[in-house]
Amino acid sequence: MGDYGWSDLGSAARAACVQQLLDAGLLQSLDTLLRLHAASGRKDQRARDAAHTVLLVAGQLLPPILRAHDAVARDAGAGAGAGGDEGGAWWPQDELGVLVSAAKLVRREAADPDPTWAADIAVDFASVAYGLSAVIDNLPPPSVPNREGGPGGGAAAREGPAAPTLTAAVREVMALACCTALPILERAAAADGTGAVGGGRSEMVQPEDPCNRDTALHTDAIRPIAACLVLAVQAVRRTELLALQPQRALALLSRLLLREHDLRRPAEGGVGGSVGGGARDDIPEEDLPALAGTVAGMLVHMAADEQLVGAVAGWLRGEAVAGTEAPLDPGALAAALRPWNAAAADAVARLHAAAAAALSPAAVGGAVIGDGASAVDGGGVEGLLAAARSDAAKWRLPGMQAALARLGDTSAWPPLVLRLCGNPSCRNFAGPVEADLPLRQCSACKSVRYCGAGCQRQHWREGGHKAACARLREGGS
Ligand SMILES: [Zn+2]
Ligand SMILES: [Zn+2]
């Protein structure tokens with residue numbers, strides 16, 4: 001999507017426009033609207049439409065506003081002038097709070113037996129996050145504030161000297177989108193029975209309620225799921241990426257691509273017309289080869305990473321990862337890619353062959369989650385690594401290239417800039433805007449912040465922070 005003539009305006013006009021929009025608190029108003037709906041607990045169509053509209057509008061407004069604000073701030077030179085002084089420092093997370101609220105709503109609705117709404121919001125959220133990824137390509141590298149200087153405690157902290165940069169904030173939004181959207185999108189696909197299409201894969205996902213046509217995760221979810229995963233592969237720290245189980249998202253993408261193929265060629269699959277009353281044309285057919293290439297590219301890039309290659313080798317060998325009931329089937333993935341992009345299918349097949357040839361079963365056993373380095377030391381993955389690296393240059397992932405080249409391994413997760421309650425089950429929609437929710441840090445590890453004692457307790461007891469906290473303290477964070 002373009003910037004709707006924004007770039008045609010002169011810099012003075014842009015500055016005035018941005019200042020007006022920021023002063024008007026438009027994005028905070030959207031946040032308030034979303035929170036009111038969320039707090040009401042309503043789940044009817046009007047509530048759903050409202051959430052959809054909020055995210056749609058936020059998605060349109062955020063990129064030009066953030067981009068323009070950054071340009072204005074740089075023109076003004078280190079924040080002086082430009083009429084921005086009276087409000088003190090500008091905090092990007094104030095504008096991005098609406099997305100944190102959306103993430104909470106997704107997670108709350110994910111607990112609902114019918115994950116449709118959660119999936120819808122997750123798709124919207126992923127689309128907004130991906131739209132933002134284009135913003136940071138043109139921004140300077142972030143200087144992330146330390147945790148003490150971060151916006152942890154309301155007004156007083158806002159006057160601190162270390163204004164978080166927009167780049168860091170945007171990358172954290174992307175990481176948040178990945179962490180929030182991928183699990184629910186996969187669940188929605190499972191409830192939808194997407195895996196049953198094409199036969200032979202039904203053991204991977206069991207339709208929970210095949211009679212409920214509303215649970216259909218349409219194939220137009222391919223794009224946001226791929227977007228989420230692209231963001232995750234590029235912007236999330238390795239251990240966090242593995243915790244997201246990206247192989248499950250790849251498996252989901254392969255199922256959706258396969259279904260897309262079936263929908264467009266009803267004679268072959270025999271299921272045409274059974275979903276959404278016929279072929280949906282949200283994704284132009286000419287876009288599918290690029291999407292298939294992106295899917296292959298993600299696998300190539302993960303395999304080309306020394307810290308990830310051990311895990312990727314495990315996926316390619318179809319090994320089950322603890323807690324995963326849906327291992328990646330590389331053969332099925334290649335088959336799903338082939339109708340759209342033969343080169344992508346070949347790349348996956350090459351990696352598959354390299355993994356199978358180079359590995360003995362002992363080489364990767366167990367050393368998968370968060371411990372890719374030891375798998376490398378165990379020997380046997382070099383062949384896969386070499387194969388992936390020779391392919392990596394060919395399969396460029398869209399978005400964020402320039403910014404990431406400068407960033408190195410800067411972590412985007414857990415967030416330092418974005419104001420986020422550390423409890424993944426947080427459902428606190430109190431107060432008018434997310435940005436005003438007071439957060440207090442865990443006094444033991446000082447690494448996570450919570451909106452209240454309830455969330456801290458829940459995360460400690462049920463969310464595994466008790467163990468994580470000890471690790472964080474040992475790690476000397
Ligand atoms: Zn909370
Ligand atoms: Zn802690």
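# A tour of the helices in a predicted model

Start by selecting helix H8, residues 222-235. H8 has 14 residues and reaches 19 Å from its first C-alpha to its last, close to the 20 Å expected at 1.5 Å a residue. Keep in mind that this is a predicted model. Of its 14 residues, 14 are buried, so helix H8 is largely enclosed by the rest of the structure.

**Stop 1: Ala232**

Stay on H8 and pick Ala232, which is found in this helix. Ala232 has 25 other C-beta atoms within 10 Å; the cut-off for buried is 20 or more, so it counts as buried. Which residues does Ala232 contact, leaving aside its neighbours within four places in sequence? Select Cys178, Leu241, Leu244 and Pro246: these are the contacts of Ala232 beyond those neighbours. Then draw a distance from Ala232 to Met298. The two are 66 residues apart in sequence, and their C-alpha atoms are 9.7 Å apart in space.

**Stop 2: H8 against H10**

To see the contact, select Ile222, Ile225, Ala226, Leu229, Ala232 and Val233 on the H8 side. On the H10 side, select Pro246, Ala249, Leu252, Leu253, Leu256, Leu257 and Glu260. Colour the contact of H8 with H10 by residue class: 12 residues are nonpolar, none is polar and one is charged.

**Stop 3: Arg255**

Move along H10 to Arg255, whose place is in that helix. Is Arg255 buried or exposed? Arg255 is buried, with 31 other C-beta atoms within 10 Å. Arg255 and Leu333 are 78 residues apart in sequence, yet 8.0 Å separates them in space, C-alpha to C-alpha.

**Stop 4: H10 against H14**

H10 passes H14 in a left-handed crossing.

**Stop 5: H5**

Jump to helix H5, residues 116-136. How far apart are the end C-alpha atoms of H5? They are 31 Å apart, which agrees with the 30 Å that the 21 residues of H5 should span at 1.5 Å a residue. Of these 21 residues, 18 are buried, so H5 is largely enclosed by the rest of the structure.

**Stop 6: H4 against H5**

H4 and H5 pack with their axes 8 Å apart, at an angle of about 155°. That makes H4 roughly antiparallel to H5. H4 passes H5 in a left-handed crossing. On H4, select Leu99, Ala102, Ala103, Leu105, Val106, Glu109 and Ala110; on H5, select Trp117, Ala118, Ile121, Ala122, Phe125 and Val128. Together these residues make the contact. They divide into 12 nonpolar, no polar and one charged.

**Stop 7**

Now go to Lys446. Its place is in the loop between strand S1 (440-441) and strand S2 (449-450). Check the backbone: phi of Lys446 is near 55°, a positive value in a residue other than glycine. Most residues other than glycine have a negative phi. With 14 C-beta neighbours inside 10 Å, Lys446 counts as partly exposed.

Then select Ala468, found in helix H21, residues 465-474. Ala468 has 17 C-beta neighbours inside 10 Å and so counts as partly exposed. Draw a distance to Cys445: 23 residues along the chain separate it from Ala468, and their C-alpha atoms are 9.0 Å apart.

**Last view: the whole chain**

Zoom out. The chain holds 21 helices and two strands. Of its 477 residues, 50% count as buried. Among contacts between residues at least 6 apart in sequence, 77% join residues at least 24 apart.

Methods. Residues are numbered from 1 along each chain as its sequence is written. Chains are lettered from A and ligands numbered from 1 in the order in which they are written. This is a predicted model: local features need pLDDT of at least 70, side-chain atom pairs count only at pLDDT 80 or more; totals for chains, interfaces and linings use all residues. Helices (H or I, at least four residues) and strands (E, at least two) are DSSP runs, numbered from the N terminus. The expected span of a helix is 1.5 Å times one less than its number of residues. A residue is buried if 20 or more other C-beta atoms lie within 10 Å of its own, exposed if 12 or fewer, and partly exposed in between; C-beta atoms are placed from the backbone. A crossing is left-handed if the near helix is turned anticlockwise from the far one by less than a right angle, and right-handed if clockwise. Two residues are in contact if their C-beta atoms, placed from the backbone, lie within 7 Å. Axes are lines fitted to C-alpha atoms, for helices over the stretch in contact, and angles run from 0 to 180 degrees between N-to-C directions. Angles under 35 degrees count as roughly parallel, over 145 as roughly antiparallel, 65 to 115 as roughly perpendicular and the rest as oblique. Ala, Val, Leu, Ile, Met, Phe, Trp, Tyr, Cys and Pro count as nonpolar, Asp, Glu, Lys and Arg as charged, and the others, Gly among them, as polar.
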